[in-house]
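The stops below follow pairs of charged side chains.

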Amino acid sequence: MSMLRNIEAKLEGLVQGAFSRAFKSGVQPVELARKLAKEMDSHKAQSISRVYVPNQYTVWLSEQDREQFSGYESALTKELSDHLLEHARSQGLTLVTRPNVGFETDDRLGVGEFGIQAQLLHPPEDDSKAPEPAGFGETMVYSAQSEDAPRGEPEAPAPAGRALLVGAGRRRMLSGDRMVLGRSREADIVLDDPNISRRHAELRRQDGDWTIADLGSTNGVKVNGKRVDRAALAPGDEILLGTLELSFELE
């Protein structure tokens, strides 16, 4: 039995009997499994001998979809975690810990729409401390109506006031206080453009305000048409990295 068939059989078993009402939801468990694996594959970080992938996945659901899954959410997240673990093993990918999947609610999402945020978290040396984020952090928004591609128009699920970087057909939610932009797979936001340096620029947040700083890139950073070494960002500012145009927005 193929891996996808195997997860389909397990997830179908979860919703038999008392849980059959869950399929009234626009979001299907098997679709979540597919898109989680896709996000894992999209956020690889190459080291000398290994390819690391995220170990923390947050799935954002509409209030209605979250309610439909409430009766078996714990079992569902366990199966999705098992699926990601098996997917990583089958592809020769490295996880620093077992993948963890959690559900959150965002009331701006409609029925059938869901967002996935993938993060690589380092396990703490001291068990009393929380894991530390090591990279990634984007949230991709999908619709049940779209089989192959993320939905491009909606806002990524995030608390009010979160920052977004929009461009190249994607909307990226900014998290943490520092995010490196560049062509390197180890960048927090990977920009696949030959005109962009491996570590091109860094977004920095202090007291709720964001700035962008050039990290010594070859082609430089422009904000609203002016080349800058460092600049404060305001909603609607246009950022040019090499030849890639991005827009800074606040929710």
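Select Lys35 and Glu31: the two form a salt bridge, with their closest N and O atoms 2.4 Å apart. A salt bridge here is a side-chain nitrogen of Lys or Arg within 4 Å of a carboxyl oxygen of Asp or Glu. Both residues sit in helix 2 (residues 29-42), four residues apart, or about one turn of the helix. Helices (H or I, at least four residues) and strands (E, at least two) are DSSP runs, numbered from the N terminus. Lys35 counts as buried because its relative accessibility is 4%, and Glu31, at 10%, is buried too. Buried means under 20% relative accessible area, exposed over 50%, and partly exposed in between (1.4 Å probe, protein chains only).

This is a predicted model: local features need pLDDT of at least 70, side-chain atom pairs count only at pLDDT 80 or more, and totals for chains, interfaces and linings use all residues. Residues are numbered from 1 along each chain as its sequence is written, and side-chain values use heavy atoms, leaving out hydrogens and water.

Next, select Arg98 and Asp82, a salt bridge with 2.0 Å between the closest N and O atoms. Arg98 lies in the loop between helix 4 (73-91) and strand 4 (100-105) and Asp82 in helix 4, so the pair ties together parts 16 residues apart in sequence. Arg98 is partly exposed, at 41%.

Then go to Glu202 and Arg178, which meet in a salt bridge (2.8 Å, N to O). Glu202 belongs to strand 11 (residues 201-206) and Arg178 to strand 9 (residues 178-182), so this pair links parts 24 residues apart in sequence. Glu202 is buried at 10%, whereas Arg178 is exposed at 52%.

The structure holds eight salt bridges.
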